Amino acid sequence: MVEFMLVPGYFKEKIELSQEVLDRIKCFKKIALFGSVQFITLERVEEQLTELSIKIIAAHGKRTSGKYQLLGCDCFANSFSEDISHADAILYIGDGLFHPKALILAQKKIDVIQFNPRTTEMSVLTQADLEKQLKKYKANLTRYVASKKIGILVSTKTGQQYLKNALLLKEKADKEYFVFVGDTFDFSEMENYPFIECWVNTACPRIGFDDIAHMPKPLININDALDPIQALENVK
C-alpha cells in the first residue's frame, strides 16, 4: 500500500474579525466556531469573542486533526466532536461555500455567518439558501422507498471506500441491489443501466447533496438508504 502524508498550508496573515462581524454577533451568547484547515489559527478571533462575553463551542469534525477544523463531508448532525445544536449561531472562517453549506446540511436550523479573511467580507448562509436542494433530496428519498432495483456506487478512492456499507445494504431483502465499483463516476454513464430505478452513493456524502441536479435518476446517500424513513423525518 502506498504511504502518503498530508501537509496543511496555513494562512500566514493574522485573522481578525471585522467590525461588521462583531456588530452582527455581539447579541449571541454561544457561538460554534469553525474554519477550513488553512484558516484555523484563530487566537485573535478567540480573544475578540471573549471580549464580547461570547462562549465558544470549540467543536471540530471527528475525522479532522484539530480544534475548529471542518471538512466538506462533515454534513451530518453526528459529524462533530461536540453537539452544535445548542449554539445561537455558527461562525465559519474561510472562503467559498463548500464548507459552510456542510454546516447548514448538518443541522438545518442555525444560520452560518461566514467571514472571509482574504477579503474581510461577511456573508450569511441560511437553510433557505439550500431549500431547493433539500426538497430535491427529499423527493429522491421518497423515490428510493418506492424503488425495487437499486444501484450502489462504491468508490476505490482512499478515504471514500465503503464497500462494507454497500454490502450491508445489499443484505436487505426488500429490494434488488446491484453494486458498481469505480475510481471516478461519470453520471452520464448511468443511462446505460435503465433498469436501475434509484442510486445509492457510498463515497463522499456531498455527491448525494450537491450533484443530484445532474443525475438522470434519483440518488441518495448510504446512511439514509439504511434508514430511509428516519431520513425523511430529518429532511423537513
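I started with Ile 152, which I found in strand S6, residues 149-155 (helices, H or I with at least four residues, and strands, E with at least two, are DSSP runs numbered from the N terminus). I'm working on a predicted model, where local features need pLDDT of at least 70, side-chain atom pairs count only at pLDDT 80 or more, and totals for chains, interfaces and linings use all residues. Residues are numbered from 1 along each chain as its sequence is written, and side-chain values use heavy atoms, with hydrogens and water left out.

Is Ile 152 buried or exposed? It's buried, at 0% relative accessible area (buried is under 20%, exposed over 50%, partly exposed in between; 1.4 Å probe, protein chains only). Beyond its neighbours within four places in sequence, I saw Ile 152 in contact with residues including Leu 169, Phe 178, Phe 180 and Trp 199 (contact is heavy atoms within 4.5 Å).

Next, rings. I counted nine aromatic pairs, taking rings of Phe, Tyr and Trp (its six-membered ring) with centres within 6.5 Å. Ring pairs join Phe 178, Phe 180, Tyr 193, Phe 195 and Trp 199 in a cluster.

I also looked for charges over rings (NZ of Lys or CZ of Arg within 6 Å of the ring centre and within 35 degrees of the ring normal). Lys 175 has its charged end over Tyr 144, 5.0 Å from the ring centre; Arg 206 is over the face of Phe 98 at 4.1 Å.

Last, disulfides (cysteine sulfurs within 2.5 Å): I got zero in the whole structure. Cys 75 is buried at 1%, whereas Cys 27 is exposed at 60%.

Key: Phe/Tyr/Trp six-rings, centres within 6.5 Å; stacked < 30°, edge-to-face > 60°.
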